[in-house]
Structures are given as structure tokens and as C-alpha cells.
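Subject: Structure handover

Dear colleague,

Please find the structure below, followed by notes on what was found in it.

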Amino acid sequence: MVGSAETVFALRSVGKTFGQGPGAVAALSGVSLDIRRGEILGVIGQSGAGKSTLVRCLNYLERPSSGSIEFEGTPLESLDAAGLRALRRRMGMIFQGFNLLKTATVLENVALPLRLLGFPPGEVEARSREYLGVVGLSDKLDAYPSQLSGGQKQRVAIARAIAHGPEVLLCDEATSALDPENTEAILRLIAAINERYGITVVLVTHEMRVVQAVCDRVAVLDGGELAELGAVVDVYADPRHPATRRLLAGILPREMTASLIDRLGVHGSVYSLTFRGQAAGRPALAETIKSFAVSANILAANIIELKREPFGLLVIAFSGAKAEVGRALAHLRELGVAVREWGNEHERD
Ligand SMILES: Nc1ncnc2c1ncn2[C@@H]1O[C@H](COP(=O)(O)OP(=O)(O)OP(=O)(O)O)[C@@H](O)[C@H]1O
Ligand SMILES: [Mg+2]
């Protein structure tokens, strides 16, 4: 077994190629990562990056062309048909398209898979009602999918995916078909289910906003490769890969260009300041400007709410005597603010 006891999935150099010869597509190549018990892991990347292929490999709907995947220490390639069925019982999956049975009621949509899995009739009924209650649909048991909103349909799909008590919930663009309000409500529901049942969640999305709302860690896929993996706050504070920076560009002003800074007629040295947790809420900057003989020109600012803590990024031009600016920056660092000189973002602080 590779990975730690808290590792649910261990992926090692996973590759998946579709087709052969010149037309072959490498959907995944060399992907190695551990998925930890109880976490919500976001998997993000542009269209075609390999996100769906990756989640489909986790339940072996797709077989990797190379590398290995272990689930709780068992190599998936060692499983026969019965073993794979048993594996899939330990997982639930939801999609963008809901995939509900149109001719069955809400209750039946949840009950049917339970019956197929061999739960006794009494338990089928009890579990269906219980989990439809968990997702807030106790008053819609007899409705048909056509009578539900998109958000309600996704709630049915979630109840169906978790009613058999899986250890893992795989979500592939589960909120992409929903408006912002329903997206938020569904994400809150997934987070609540993760907390309440300790289910490990793998959440595929192409939107960073989805990642920041509910994920503990994020894996960035780019062209089938794992571009970046880390705690959401770390990746937001210091995105290393161009693909990550691209995804974050609409959220944080980090990508403000040198030419824009030029055109703003900025005097002084430009720094980016990232505030995490407590520091994001403290008027650290105002206090620093009062205490030192420097002036600050804020070029861009944004504070966002991550799952576990607030996070802020400011782009600032400081002017004043060089030594005084240096002291002000040192003071900011003492207050827990990460300071980087503009254009030298990878400089360690
Ligand atoms: N069954 C298949 N046969 C051939 N090529 C495939 C197949 N499934 C996926 N691909 C190709 O593999 C690559 C990755 O596809 P995948 O569906 O995993 O991307 P994705 O990140 O989920 O994209 P999207 O955001 O559009 O859903 C794409 O180039 C796709 O065309
Ligand atoms: Mg996809």
C-alpha cells in the first residue's frame, strides 16, 4: 500500500490515452496524487484538461492506460467484476445533467438504486425518506423530475448518490447547469454532507469560485497533467503554474500587467500583499502607513472568503525613503502579511 492511513485514493503516474496512432489523445499523463479521507478536493482545469477522465478513473469507469490507483490500499487493477461492483458501492456520483428517471417520482428515483443494491424493502423506504430529508425535499417525495427546478433535481441526485452510505462522493460539474443562487445552495449542501457523514468529496469544476467556497485542497489539471496541488489558501496565496494563474486571474488582481502599472503613472515600488485569516480582517496597512513615513497608493484590492478563512490580495505602490519603506514592509510581515515585490512574485518571503 502506498500513501498514509488517511489516504483514500493513491494515484501513481496515472495516464489515460484514448485511441491509437497519430489520432491518439493523452487525456491524462503522469498524474500522481493522494486523496485524503474526509477532505473536499477540488479538481479544476480548462475544458479538455482531463477532469472527467480523472474522476471516471477513480471508480474505474475508465481504466488507466498506465500507472496505478489504489483505493484504501487495494489496487483497482486487481479487482474482478464482483470486486468492481463492490468498489462502486462504496462511492456515489453526481453529474451536471442530474440523470434522473423522468417516469419515476422523487422517492422512486432514490429508492430504485437502493433496491438494485439489495437493501431490504423496509430499509429502502426508510433510507430514501431520510436522505431526501437531508437534502430538503421531504415535501416533494411524490413529484416527478419535470416538476422540479434544476437545484431541486440536483438535490434528488445528491440524495440518490449518498443514500447507500458511500465513503466517497464524486461530483463532476455538479453545479454547472445551475444559476448562482442554486450553485451556492448545492455547494453548501455538499459541504454539510461532507461534515456530517465524513464523506470524502472529489469535486470537478472549471470555476475557481466553486473551489474557494467549499474545497480544502485543489488539484489543477492542465493538458492532462497535474499542474499544481495544495491547500486552497496556499494555492491562492502563491499560485506557481501559469494554468493556476490563468484560472485565478478573474478573481484576484495579481495579473495586473506591467504596462497597466506604467499607464497608471505609478511612482514608487510596487508590491503585492497577501493577507490570510486574521490578518485579512485587521487594518494592518492603515496602521503601517500611520507608523512609518511612507505613502501607499492602492492599485488593486480584493478580499474573498475562502472555506476556512478570509483571504485578501492588494497591489500597492509604496513611496518614501528606501529604508523607511523597508521598515514598513518588515512591519507588515510581522503582522502576518506576505509581501512580494511586483514582478518578482516567486521570491520567497
Ligand atoms: N471516450 C473518449 N474517447 C476519446 N477521447 C476522449 C474520450 N473521453 C475524453 N476524451 C478526450 O480526452 C481529453 C480530456 O477529456 P475530459 O472529458 O476528461 O476533459 P474535461 O476536463 O472533463 O473537460 P470539460 O471541462 O469539457 O468537461 C479531451 O481531449 C477529450 O476529447
Ligand atoms: Mg468534464
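Which strand and which helix each supply at least two residues of the shell around ligand 1? They are strand S2 (25-36) and helix H1 (51-58). Helices (H or I, at least four residues) and strands (E, at least two) are DSSP runs, numbered from the N terminus.

Before the rest, two notes on conventions. This is a predicted model, in which local features need pLDDT of at least 70, side-chain atom pairs count only at pLDDT 80 or more, and totals for chains, interfaces and linings use all residues. Residues are numbered from 1 along each chain as its sequence is written, while chains are lettered from A and ligands numbered from 1 in the order in which they are written.

Ligand 1. The ligand is surrounded by 13 residues, the closest being Phe18, Ala27, Ser47, Ser52 and Thr53 (a residue is near a molecule if its C-beta atom, placed from the backbone, lies within 6 Å of it). H1 contributes the most to this shell, with 3 residues. The shell consists of 4 nonpolar, 8 polar and 1 charged residues (Ala, Val, Leu, Ile, Met, Phe, Trp, Tyr, Cys and Pro count as nonpolar, Asp, Glu, Lys and Arg as charged, and the others, Gly among them, as polar).

Domains. The protein splits into domain 1 (7-248) and domain 2 (253-341), with bounds from an automatic or database domain assignment. Their C-alpha centres are 38 Å apart. Domain 1 puts 11 residues into the contact and domain 2 puts in 10 residues (two residues are in contact if their C-beta atoms, placed from the backbone, lie within 7 Å). On the side of domain 1 that touches domain 2, helices H7 (208-214), H8 (232-237) and H9 (242-248) give two or more residues each.

Tyrosine 131. This residue sits in helix H4 (residues 121-134). Tyrosine 131 is buried, because 23 other C-beta atoms lie within 10 Å (buried means 20 or more such atoms within 10 Å, exposed 12 or fewer, partly exposed in between, with C-beta atoms placed from the backbone). Leaving out residues up to four places away in sequence, tyrosine 131 touches Val110, Ala159, Ile162 and Ala163. Arginine 155 is 24 residues from tyrosine 131 in sequence, and the C-alpha to C-alpha distance is 9.7 Å.

Helix H12. Ala284, Leu285 and Thr288 are buried in this helix (residues 284-291). They lie on the same side of H12, because they cover an arc of only 95 degrees around the axis, taken from the directions from the helix axis to the C-beta atoms. The exposed residues Ala286 and Lys290 are on the face turned away from the buried side of H12.

Regards
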